[in-house]
Amino acid sequence: MTALAAGRPLADERVPIEETYIQGDFAPRFTPPAPGTYELPAIQRVGSFLVLEGSRTLRTQTLLAGKIGVVSFVYTACSETLGCPLASEAMRQIQSHVAHEGLRERVVLLSVSFDDVLDHASRLEAYAQRFGADRSLWHVVRAPSARSLQAMLASFGQDRTRLYDDHGRFTGRYRHTLKVFLVDQRGAVRNIYSTGFLVPRLVINDIKTVLNERGEEGR
Amino acid sequence: MNSRRWSLPLTAAVLVALSVLGRGPASADETCQSPFLPKVTGQEDYIYVWTLGVAGVADGNDSLVTIDARPGSSTYGQIINRTSVRGRHEAHHAGFTDDRRQLWAGGLDDSYIFVFDVASNPAKPRLLKTITSFVKDTGGLVGPHTFYALPGRMLISALSNATDGSGRTGLAEYSNDGKFIRTIWMPKEAPYGYDVRVNVNLNRMLTSSFAGKKNYMRPFGDLVKDPEAMKAFGDSVIVWDFHARKPLQILRVPGAPLELRWALQPNHYYAFTATALTHQLVLIYLKEDGTWATKNIADIGENIPVDISLAPDDSKVYVNSFMDGTLRVYDVSNPFEGKLIEQVKLGEMANMVSESWDGKRIYATNSLLSRWDKPGDYWLKAYAWEGGKLVPKFTTSFAAVGRAHIMNFGTAAPIVARGANQVAQRTRPR
């Protein structure tokens, strides 16, 4: 993974402009293709990392073992409608689909905070409650250290850059591209969803597609 | 091949959740870019020009040239950097990754891909890596053309193949860190490739068609005298299920349909292309029965139209034509009828045309392919769209660096989260 792909921060970036997306109106008007009618080749592999859920230390490899993981990187102070709130709303809907379609034992949702300044256990707890996270299915976690967080972001290719004001003060906000990762049972990323394509029904079909691959039945 | 119908099955909740992404009418941007790219509103600072190397000019290598586009700058309209790569590779097209931190640029001759860092110092891109294994990775694709950002990866359309150098080709995907993911060959009934563009709202992808390496690397004068070779050009646009990467419908569009431009406004379910050999501006539109159709909406004249650019409000298409070196502007506010409303003579071999982020500025270059270009002056020309006219702003000579082809717009300030313009902000290393 290159430093750039890992989203390593840049020196002295002035950022007086706003981000939006080129096709301004995102209102999906399509039926996602049926599960199993298409392929999702591995895009990249991701490592295993220690994360904290409340006071518990967990290893992502253990959390995801034998399951399809839907992994989102967020921070609780994010106020962009195009960003973390959208990702977490999508996760809430994916959780609902997973529960209703009998996939609970085969899927795990993981929201990882990349705000290592403010997102302590209590804030993440409140965040999880706000979005109705079912703790047996959806884990809202943080990294145990800045170094660990950096390694995780680099492994997934999730960019994150702190934003400072003209006086050099941290604004509490981050530059980041919304990405949600579909990780298979062996730690391979099989799809990446960003703002334009984060459609819960499509994510569910992708989960079923991976689960239905030859050799995956009965796992 | 049958087309599939699409419908409106999504739950209201999903639509509500996703409709917050809408910004109303698109104000401005590089209208041809991937919808997966963050959009930057405002004056572009730099124009990155992927530039064909010419023997005896500078070091003779292909290069990524930076032009200062900031009005008021002491170097406005001038070349302020040239990042050279080793050798000449038939520099042609280039595109940003989804985080806009890298610019991938291709060589049509040896299929090398050059990955530039445009984030660390936006004025001075740095070559990060060179992918030399495209042909081997992809199982024989040749001539990486369009570089189109998908989340975490690049979708690349090719022009040819290593077996016979014909136009039979396909699409390739690479992760942002340069690892090959997969190859998707074009269907046998429509084997050619050229451009690729995605409409995320419809889950539809379009590909267009050009010619193989034995045509595009052949001297133009020889090529046009060879009737058999002139038959070996693409005649189709393919409609794909984007997510499944599966072709749904083949549209016959004779005469090498090249650049594809999706309409940008809500509820505009259409795209445009222009055919190089039959010189038509073509509308590609969704019919009520869910299938797609085409209509020729303007005859551009026997001038080999090449690049097109669509205004952000879908009102105008800018068309550059190679033979007469002219930039034409068509009113397509009624997309079924293109009306010529303005034209300017740019100079010989006009080629690429790109509209600025706010729809106010238009840039053009004039190199097509090393063996198709004629001896002459090479340049980038900037115009403003003012009062319904193209008004010249500056001309940048490429005499000292090579031949200018594709343009991508850059910013000195990297993109940030929405709302960041409320307060001037600065980022610094963690």
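Modeller: Start with strands E11 (residues 170–175) and E12 (residues 180–185) of chain B: they run antiparallel and are joined by five bridges. Strands here are DSSP runs of type E with at least two residues, helices are H or I runs of at least four, and both are numbered from the N terminus; two strands pair if DSSP finds at least two bridges between them. Across the pair, B:Leu171 sits opposite B:Ile184 of E12(B). Four residues separate E11(B) and E12(B) in this hairpin, and B:Gly178 in the turn has a positive phi of about 90 degrees.

Before going on, keep in mind that this is a predicted model: local features need pLDDT of at least 70, side-chain atom pairs count only at pLDDT 80 or more, and totals for chains, interfaces and linings use all residues. Residues are numbered from 1 along each chain as its sequence is written, chains are lettered from A and ligands numbered from 1 in the order in which they are written, and side-chain values use heavy atoms, with hydrogens and water left out.

Chain B also has an open sheet of four strands, ordered E4-E3-E2-E29 with antiparallel pairing. E4 (79–84) and E29 (403–410) of chain B are at the edges with a single partner strand each, so one side of each has no neighbour in the sheet. From one strand to the next, the twist averages 25 degrees (axes are lines fitted to C-alpha atoms, for helices over the stretch in contact, and angles run from 0 to 180 degrees between N-to-C directions). E29(B) pairs with strand E2 (residues 46–52) of chain B over six bridges, in the antiparallel sense, and there B:Val49 stands opposite B:Met407.

B:Ser236 is buried, at 1% relative accessible area (buried is under 20%, exposed over 50%, partly exposed in between, with a 1.4 Å probe and protein chains only). Leaving out residues up to four places away in sequence, B:Ser236 touches several residues, among them B:Ala190, B:Thr207, B:Ile250 and B:Pro257; contact means heavy atoms within 4.5 Å.

One caution about the other chain: pLDDT, the predictor's confidence in each residue from 0 to 100, averages 84 in chain A, with 85% of the residues scoring at least 70. Over residues 1–24 of chain A, though, pLDDT stays under 50.
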